[in-house]
Amino acid sequence: MQILVLTLFPEMFDAFWSHGIMRKAVEQTHITPAALNIRDFARDRHHVTDDRPYGGGNGMVMKPEPLAAAIRAAQARAPAARTILMTPQGRVFNQVIAREMAALPAIILVCGRYEGVDDRLSRDLITDELSIGDYVLTGGEVAAMAVVDAVTRLIPGVLGGADSAEHDSFSNGLLEHPHYTRPPVFEGAAVPDVLLTGHHHNIERWRLEASLMRTLVNRPDLLLERALTAEEIDILRRWQTDLNRLLGPPPEPAGGRKR
Ligand code: 4GX
């Protein structure tokens, strides 16, 4: 997969490509990342990339000409690429989108700075707009790194085991179960006994229960957007029985509003 990043700060990506699993991915697979400096595509003497907003107001806007030239140069290098603008206005990135993107032959990630880019750019040069979440960054670079990081580790051959990504949070729509390593007791806290038994069936069952509990407590929204398996229903029913034993049966709903 070809990854082209358009940015005013290409040096930010040097450390990113050259450490950890990203580095291994670049060395051992067909992932070819590069960061291009948008400033290099400005044609004026001072390579200006920003200008004051029409209509007035604070901050600056990225000029369309250098960015358009940079995008066209990137698209010439990677004709099959999708061209993705990092912006809080975009579709919110998640593991489903990461999986879709991991199957693409090439991506061009456009990183804006200042108040954003001249809106006429998105008309035909941008194919997608992507946000990494509902908060405001100072530029698209950190967002692009988050996307590249999440996508790269899903590309076959990048992670150690062929199926390492299959056990991730979200791969089954649940949060991951807790992990432990030595020592067996750390600052008074013991590793759950079942994990020391070597009984794989019980361990898998414990992990599923722990995943389900974590998801129910921390991210109930994830449970609502996906179907439960028979085994999960079984676990939830047992919790329901336990809770009813503890609290007594649920009270009749108050009268008045019928649903
Ligand atoms: N997820 N930002 C982009 C400038 C900008 C604004 C509009 C293009 C259009 C962000 C996020 C994010 C801040 C990056 C504003 N560029 N990007 N930047 N959240 O907050 O992706």
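Which pocket is the space taken by the ligand? That space is the largest pocket. On a 1 Å grid over the protein atoms alone, a pocket is an open set of points with protein on both sides within 12 Å along at least five of seven lines, where a 1.4 Å probe fits. A molecule sits in a pocket if more than half of its atoms lie within 2 Å of its grid points.

## Basis

This is a predicted model, in which local features need pLDDT of at least 70, side-chain atom pairs count only at pLDDT 80 or more, and totals for chains, interfaces and linings use all residues. Residues are numbered from 1 along each chain as its sequence is written, and side-chain values use heavy atoms, with hydrogens and water left out.

## Shell around the ligand

The ligand is surrounded by 20 residues, where a residue counts as near if one of its heavy atoms lies within 4 Å. The closest are Gly116, Ile132, Gly133, Tyr135 and Leu137. By class, the shell has 10 nonpolar, 8 polar and 2 charged residues; Ala, Val, Leu, Ile, Met, Phe, Trp, Tyr, Cys and Pro count as nonpolar, Asp, Glu, Lys and Arg as charged, and the others, Gly among them, as polar.

Taken alone, the ligand exposes 460 Å², of which the protein buries 94% (Shrake-Rupley method, 1.4 Å probe).

Strands S5 (82-92) and S7 (128-131) are the elements that give two or more residues to the shell. S5 provides the largest share, 4 residues. Helices (H or I, at least four residues) and strands (E, at least two) are DSSP runs, numbered from the N terminus.

## Aromatic pairs

The structure holds 3 aromatic pairs, defined by ring centres within 6.5 Å, with planes under 30 degrees apart stacked, over 60 edge-to-face and the rest tilted. One of them, phenylalanine 13 with phenylalanine 16, is edge-to-face, at 6.4 Å centre to centre and 75 degrees between the planes. These two phenylalanines are separated by about one helical turn because they are 3 residues apart in helix H1 (residues 12-17).

## Backbone exceptions

Most residues other than glycine have a negative phi, and most peptide bonds are trans. Tyrosine 114, in the loop between strand S6 (106-111) and S7, has a positive phi of about 60 degrees. Arginine 182 and proline 183 are joined by a cis peptide bond, with omega about 5 degrees. Proline 183 is in the loop between helix H5 (141-152) and strand S8 (185-186).

How values were computed: 1 Å grid on protein atoms, 1.4 Å probe; cavity = no way out; pocket = protein on both sides within 12 Å on 5 of 7 lines; lining within 4 Å. Phe/Tyr/Trp six-rings, centres within 6.5 Å; stacked < 30°, edge-to-face > 60°.
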